[in-house]
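Please look at the sequence and the model below before reading on. The report then goes through selected side-chain contacts.

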Amino acid sequence: MNTALAAATVAHWGGPGPFFPFFIFIPLFWIAVIVALAIVFGRRRRAMWGYWHEQGAGSAEQTLAQRYANGDIDEQEYRARLEVLRANRPQFGPGGPR
């Protein structure tokens with residue numbers, strides 16, 4: 001009985017069969033899924049970072065410009081405050097914040 005069972009198992013699993021090369025596609029599929037997710041979420045994060053970064057610096061300058069346009073401050077005070085805002089703005093580049 002054991003010999004017949006072993007013979008049937010060997011006959012059934014005797015070779016790689018027609019689906020032999022497909023074991024390569026399963027890891028490649030998951031690698032592609034992970035890379036696609038990293039690209040999608042990486043772009044979204046960078047886009048939101050740019051939005052938040054520009055919104056903070058731009059809003060202070062816009063407020064200052066609006067106050068100047070309303071006549072709340074004169075040109076000399078406007079330029080002095082604008083210079084301070086731009087001097088204290090963090091510079092982001094390849095080396096990170098400076």
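Which side chains meet in a salt bridge of 2.7 Å, N to O? The side chains of E77 and R81 do. A salt bridge here is a side-chain nitrogen of Lys or Arg within 4 Å of a carboxyl oxygen of Asp or Glu.

This is a predicted model, in which local features need pLDDT of at least 70 and side-chain atom pairs count only at pLDDT 80 or more, while totals for chains, interfaces and linings use all residues. Residues are numbered from 1 along each chain as its sequence is written, and side-chain values use heavy atoms, with hydrogens and water left out.

**Salt bridges**

A search of the whole structure finds 3 salt bridges. They are listed here.

| Pair | N to O distance |
|---|---|
| E61 and R86 | 3.5 Å |
| R79 and E75 | 3.1 Å |
| E77 and R81 | 2.7 Å |

Helices (H or I, at least four residues) are DSSP runs, numbered from the N terminus. E77 and R81 are 4 residues apart in helix α3, so about one helical turn separates them. R79 and E75, also in helix α3, are likewise 4 residues apart, or about one helical turn.

Accessibility is sorted by relative accessible area: buried is under 20%, exposed is over 50%, and partly exposed is in between (1.4 Å probe, protein chains only). R79 is exposed at 53%, and E75 is partly exposed at 41%. In the remaining pair, E77 is partly exposed at 29% and R81 is partly exposed at 38%.

**Aromatic pairs**

Rings of Phe, Tyr and Trp (its six-membered ring) pair if their centres lie within 6.5 Å; planes under 30 degrees apart are stacked, over 60 edge-to-face, and the rest tilted. By this rule there are 2 aromatic pairs. The rings of F29 and W30 have centres 5.1 Å apart and planes at 75°, so they are edge-to-face. The rings of Y68 and Y78 have centres 4.8 Å apart and planes at 20°, so they are stacked. Y68 lies in helix α2 (residues 25–70) and Y78 in helix α3 (residues 75–87), so this pair ties together parts 10 residues apart in sequence. Y68 is partly exposed at 35%, while Y78 is buried at 17%.

How values were computed: Helices (H or I, at least four residues) and strands (E, at least two) are DSSP runs, numbered from the N terminus.
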